[in-house]
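This report describes selected features of one structure, beginning with a pairing of strands and ending with a metal site.

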Amino acid sequence: MLQAQHHDLSFDDFDECISPRPEYSGFDNVVESAISRRGFLQGILSVGAASFVTGIAPYGVSMAKASDRFGFNAVAANSLDTITVPEGYKWHVMAKWGDVLFDDSIPFDEISRGDAQSQELSLGDNNDGMDLFVKDGRNIFVVNNEYVNRSVIFGNRETGLPETDDDVLKGKMGRGVTVMEVARLKGNWQIVVGSDYNRRMTPDTPIEITGPARGHELLKTSLDVDGILAQGTWNNCGNGRTPWGTYLACEENFNGYFSASDASYEQTAEQKRYGISNEDWGYAWARIDDRFDLSKEPNECHRAGYVVEIDPFNPTSTPKKRTALGRFKHENAEVVIAGNGQIVVYMGDDERGEFIYKYVSDGKFSSGGDNSGLLEEGKLYVAKFNDDQSGEWIELNPETTGMQSQAEICIYTRQAASKVGATTMDRPEWVASNPNKPELYCALTNNKNRGIKPNNGGDDTPVSGPNPRPANKYGQIVRWIPANGDHVSDKFSWDLFLLAGNPDVHKDDKAGSTNITPANMFNSPDGISFDNNGFLWIQTDGKYSNEGDFEGMGNNQMLVADTQSGEIRRFLVGPKECEVTGATWSADGRTMFVGIQHPGEDGNSHWPDGGTSVPKSAIIAIEREDGGIIG
Ligand code: FEO
Ligand code: CA
Ligand code: CA
């Protein structure tokens with residue numbers, strides 16, 4: 001019953017149903033302070049930014065004289081079941097859910113929608129973060145397969161749920177990471193079927209546990225009594241890329257697959273904070289795999305929620321969970337090399353009222369040298385944003401948190417961050433680093449609970465700093481600059497690059513910042529990536545009703561921002577009920593690869609194959625018709 005009732009809800013909504021948040025009693029106070037904050041907000045948007053001494057143009061002021069560096073005409077919002085790109089650009093599908101990878105793969109079957117075996121040997125579902133690695137002229141594409149949509153992958157069942165054990169396994173095999181060689185063949189990019197590089201990583205692939213938490217009591221299970229070898233990775237959302245040529249897959253909503261066959265199982269407070277519940281999200285993994293039964297294996301859930309490092313060029317290598325980077329609902333991992341050679345990784349924890357983190361390696365990057373320990377030994381910090389647009393990184397160690405060990409901090413990272421007074425954020429999604437200057441951006445996608453109630457077991461979420469709107473429907477992008485341009489510094493200054501909103505429907509702070517207009521409005525920024533020219537590409541995962549608060553926004557989309565002028569222009573509109581997520585470029589900059597995730601999640605799309613076909617997540621290749629550089 002519960003599963004049938006919930007099977008078409010989004011992750012957020014489902015999580016909330018089975019794990020309701022406590023009501024927050026201070027609502028009146030919050031509204032009052034929000035109103036009084038509007039003056040402050042104006043300050044951030046039109047004056048505050050100008051107070052930075054880093055040379056960044058205050059976008060609220062310079063918009064009127066923004067020069068057009070984009071080189072394309074804006075695409076209008078629409079609700080079509082196709083991809084729309086600007087005049088002068090074209091697109092094609094490079095790879096889609098179920099495409100075969102190996103010589104013995106089984107082609108996708110539209111009626112059954114595949115089985116466990118066919119799914120394990122083909123491209124997984126719901127592609128998200130992605131990156132392209134080039135070696136000896138060969139293009140190795142790595143892409144996360146975040147999750148599956150029950151109503152799509154099990155659409156051959158009347159219930160829209162996994163019914164047989166093979167169905168359950170098919171759902172498991174649809175997740176993880178896909179490595180595939182791709183090539184431009186007959187003009188179009190496509191998978192090189194049978195390439196030696198091709199590989200699937202699934203929730204059953206052995207993965208070494210490294211870093212402070214390796215071997216900790218909380219990571220020991222009956223299958224892995226030493227707590228050093230995890231099985232599998234799943235719900236890989238955004239990604240990262242290291243300067244030494246490895247791929248980082250970030251484990252996000254790992255919690256929704258655990259359940260308890262013994263209804264009297266009591267989750268620990270720490271498990272509750274991570275959304276672990278006695279009921280899963282309808283995928284029934286515990287039915288075929290005891291690892292996901294909390295009453296049998298209470299520690300398995302502590303072995304997920306990490307950043308996983310993968311060598312794209314060695315298909316037999318064992319991926320590594322990097323516990324030093326903390327355990328939370330990782331969005332992406334933006335890696336930069338600090339001026340002194342240390343590696344800094346910026347990361348968001350995507351849940352309402354959770355935090356932004358950074359990791360700083362102890363060692364320094366050595367080009368061509370041994371960099372294998374850089375994500376194993378280092379310091380973990382969490383961000384505190386002050387209302388005066390200053391900020392600080394607070395180190396998470398036993399002294400600052402009062403917790404027993406660094407291992408415990410790397411397992412219960414959310415609790416550690418709460419202990420040091422980090423700033424609760426409006427769902428931190430991707431972080432992007434400007435390639436031209438020390439400057440970071442993070443998409444805070446939305447937070448309907450801002451000022452209303454906290455995350456389960458989390459901290460209060462008063463309207464404050466870079467989270468200035470209560471019950472935030474539209475989201476914003478915060479930007480920060482490390483003190484002295486030094487990524488290792490524990491100080492920074494911040495402003496808001498944009499507040500999404502609807503200036504047609506609202507005249508108050510819900511209209512958004514001055515760089516949001518009726519021609520470019522959108523909601524719920526999520527994926528953000530810089531191209532080599534320093535343009536910021538913004539992808540959305542928001543409401544696509546095109547009604548009410550969202551009227552005029554159409555389907556989810558991708559926009560480009562000129563961070564110098566603040567100007568934002570819509571470049572692409574996705575098909576119905578999709579999310580646009582994941583972006584990377586070919587080595588020559590002439591192709592941009594973009595992810596289209598879960599078209600038709602509510603049953604109203606046949607993209608990309610049309611007719612009566614099953615909708616499929618896909619990676620598209622976008623090019624200029626004149627063959628020019630796109631990013
Ligand atoms: Fe998987 Fe936070 O997006
Ligand atoms: Ca996302
Ligand atoms: Ca999202």
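## Strand E10 and its partners

In this predicted model, strand E10 and strand E11 (residues 307-310) run antiparallel and are joined by 4 bridges. Within this pairing, Tyr247 stands opposite Ile310 in E11.

E10 is also joined by 4 bridges to strand E9 (residues 236-241), again in an antiparallel arrangement. Here Asn239 is the residue opposite Ala249 in E10. The two strands E9 and E10 form a hairpin with 5 residues between them. In its turn, Gly245 has a positive phi of about 85 degrees.

## Burial of strand E10

Strand E10 (residues 247-251) is largely enclosed by the rest of the structure, because 5 of its 5 residues are buried. Tyr247, Ala249 and Glu251 point one way from the strand, whereas Leu248 and Cys250 point the other way. Residues on both sides are buried.

## The calcium site

Glu331 belongs to strand E13 (residues 330-337) and Glu429 to strand E18 (residues 428-433), so the pair ties together parts that are 98 residues apart in sequence.

The calcium ion (ligand 2) lies 3.9 Å from the calcium ion (ligand 3), and Glu429 coordinates both. Glu331 counts as buried because its relative accessibility is 0%. Glu429 is likewise buried, with a relative accessible area of 2%, where the cut-off for buried is under 20%.

How values were computed. Residues are numbered from 1 along each chain as its sequence is written. Chains are lettered from A and ligands numbered from 1 in the order in which they are written. This is a predicted model: local features need pLDDT of at least 70, side-chain atom pairs count only at pLDDT 80 or more; totals for chains, interfaces and linings use all residues. Side-chain values use heavy atoms; hydrogens and water are left out. Buried means under 20% relative accessible area, exposed over 50%, partly exposed in between (1.4 Å probe, protein chains only). Two strands pair if DSSP finds at least two bridges between them. Donors are N, O and S atoms within 2.8 Å of the metal (3.2 Å for Na, K and Ca); water is not among the atoms, so sites may look incomplete.
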